[in-house]
Structure formats: structure tokens, C-alpha cells
Amino acid sequence: MSTPPASDAVTRHYQQGDLRRKIDEALDRLYPDQNPLTTDHLRAVDEFHIGGHAATRQIAEHLELQPGLRVLDAGSGLGGPARHLAQQADVDVTGVDLTAEYVAVARWLTDRVGLSDRAHFLQGDVSALPFPGASFDRAWMLHVGMNVKDKSRLFTEIGRVLTDGGLFIVYDVMLTGDPSLVSYPVPWASEPGHSFLARAEEYRSLLRGAGFEMVAEHDRRGQGVQSLRDLSGADAHHPDRASAPGGLPASVNVAMGSDGPIKIANVVQNMEQGLLAPTEMVCRLR
């Protein structure tokens, strides 16, 4: 019997089947009678990479955006970072994600906040992008590489669709210790066989092999641990951080499922033990 492709395992990990209903109910609880919703309201449910919206803003500054630029969000999830770029920088953003349910929810949320003309979402494999060469001026991926086994192919594809001199930012959780000691489940994988962690030096080598030059690199471990600890300390005094059983905001459990508290606790433990570090790499296509 043949082994199912890794993409099938990734889809099964993220697919919930009723995510739109759960998010709708969470938004109703957090913001009753709020109409229309804004991107500020959606931050409670649509950004769950380490550091959340604060990390999105910080990383976006390194994209050197100008109005009208075309931006690729590779592995766009529920679309929060893409909507931030579209609204704040007046750029045209296209998000691609493997999970069809995430794409559907991203489109729905984008329509609800009136950004469908500037933020678009497609279902697809980021390692086989459905675009001609030089389609984008900028690209980024936030916590995506941990789900991609063939990163060489991924980075080559990003380079193919970028214009010469285009910036590409990677923000991934990278391996810094013994992989056999990493505790699971984590937000991107339920078990080690579905997690494709790599060290920063491997990322650098593969990015250079795909035609990128390194501009800057930032280890975000300290910020990451603090942000997750802050998240776990959320309370009902903050309407966008209404606490749920397990010490996490209800909105995080919507995105990550009922075992969200376990996943977050494991990530914090893995980082504090020196096994993992969220790392940002800024690259430019030569």
C-alpha cells in the first residue's frame, strides 16, 4: 500500500469541517451586535502564528511595501496577515493555502471587512504555484515551512514567481536542538512524522540555492515565549481575549481545536528547552 502524501496529513491536521460556524459564534460572543466588523475585531481569530498580530506588524515593516505592489502570502491560513497588508499598505495580496476550508473562511472574513478587492485567496500547494513567472513584487510565509518537506522546491517556486530584486520573508519555527526531544502535539503537527522542522543553516543553504541572498535574520525566541505566556494569561477583562478552559482565549481554541492549550504549552516548553526558535529571515531574489 502506498504512503499518503504529506500534503494529505497537513490537510487532515488543519481541516475542521465547521470552522466558519465556530468563528462566527466566537465573533458573536466577543463582539455582540457589532456590525460592521473590522480587521481589528478579526485579530481575535485570524492570526495564530507565534507573536500574533504584533509579529505580523513587525515583519511587515521589513517588506518595504509601497501602494500597488503585488504580494504573495504563501500558506495564508485564515487570511489575517494578508488583510493587514492590503489595508495598511494598500497593496494587492494573493494568499495560497493547502486547506480548502481555510481558503473558504479567509474569503468569507475578507468579504465581511470589505477587503475582497485587495486580498484574494486560492486553494493550492505553495510548492506548485499556479502563477506565471514574475507575478509578484514581494512574498512572505508565516509558519509554513514546518509543514513542507521539500523546502528546496518551495523556495524555488517562490523565486520563480517573484520579480528580480523582490523581497521574500520567511518566519518559521526552526530547529535549534535535538529533534527527538521535541514534544508533540504542536500547532502545526499532531505527531513527529508530520512535522518537517529544519535548522536555520539548512534554510539559508536552500534559500541561496534558490537564488536568494540573505538580507537579515532575527531569532524571535524571547519574544515568542513571552507572547505565548501573555496569551495563556488572557482574561475576560479583555473582550478580544475571553478566557476558555485550559487558560487560552476561546478564539485560539477555535483555530487550533480543543487541544489548543496542549499545543501551546508544548511549543513554550520546546522553546524554553532550547529545541525550537521562531526565526525571521529576510531575503532578496538576486
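Asp90 is partly exposed in this predicted model, its relative accessible area being 41%. Its salt-bridge partner is Arg118, with 3.7 Å between the closest N and O atoms.

Strand β1 (residues 70-74) pairs with β2 in the parallel sense, over five bridges. Within this pairing, Ala74 lies opposite Val96 of β2. Together with helix α5 (residues 80-89), the strands β1 and β2 form a right-handed β-α-β unit.

On to the next strand: β2 pairs with β3 (residues 119-123), again in parallel and over five bridges. Here Asp97 stands opposite Gln123 in β3. From β2 the chain passes through helix α6 (residues 100-112) to reach β3, a β-α-β crossover that is right-handed. Strand β2, which covers residues 92-97, has five of its six residues buried, so the rest of the structure largely encloses this strand.

Arg83 pairs with Asp46, the closest N and O atoms lying 2.9 Å apart. Arg83 is in helix α5, whereas Asp46 is in the loop between α3 (39-42) and α4 (52-60), so that the pair links distant parts of the chain, 37 residues apart. Both ends of this bridge fall under the 20% limit for buried residues: Arg83 has a relative accessible area of 1%, and Asp46 has 6% relative accessibility.

A further salt bridge joins the side chains of Glu64 and Arg284, at 3.8 Å from N to O. Glu64 is found in the loop between α4 and β1 and Arg284 in strand β7 (residues 276-285), so this contact ties together parts that are 220 residues apart in sequence. Glu64 is partly exposed, with 45% relative accessibility. Arg284 is partly exposed as well, at 24%.

Salt bridges also occur as a network, one that links Asp18, Arg21, Lys22 and Glu25. The count for the model comes to 15 salt bridges.

How values were computed. Residues numbered from 1 in each chain as written. Predicted model: local features only at pLDDT ≥ 70, side-chain atom pairs only at ≥ 80, totals over all residues. Heavy atoms only, no water. Buried < 20%, exposed > 50% of the residue type's maximum accessible area, 1.4 Å probe, protein only. Helix = DSSP H or I, 4+ residues; strand = E, 2+ residues; numbered from the N terminus. Pairing = 2+ DSSP bridges. Right-handed = clockwise from strand over helix to strand, strands pointing away. Salt bridge = Lys/Arg side-chain N within 4 Å of Asp/Glu carboxyl O.
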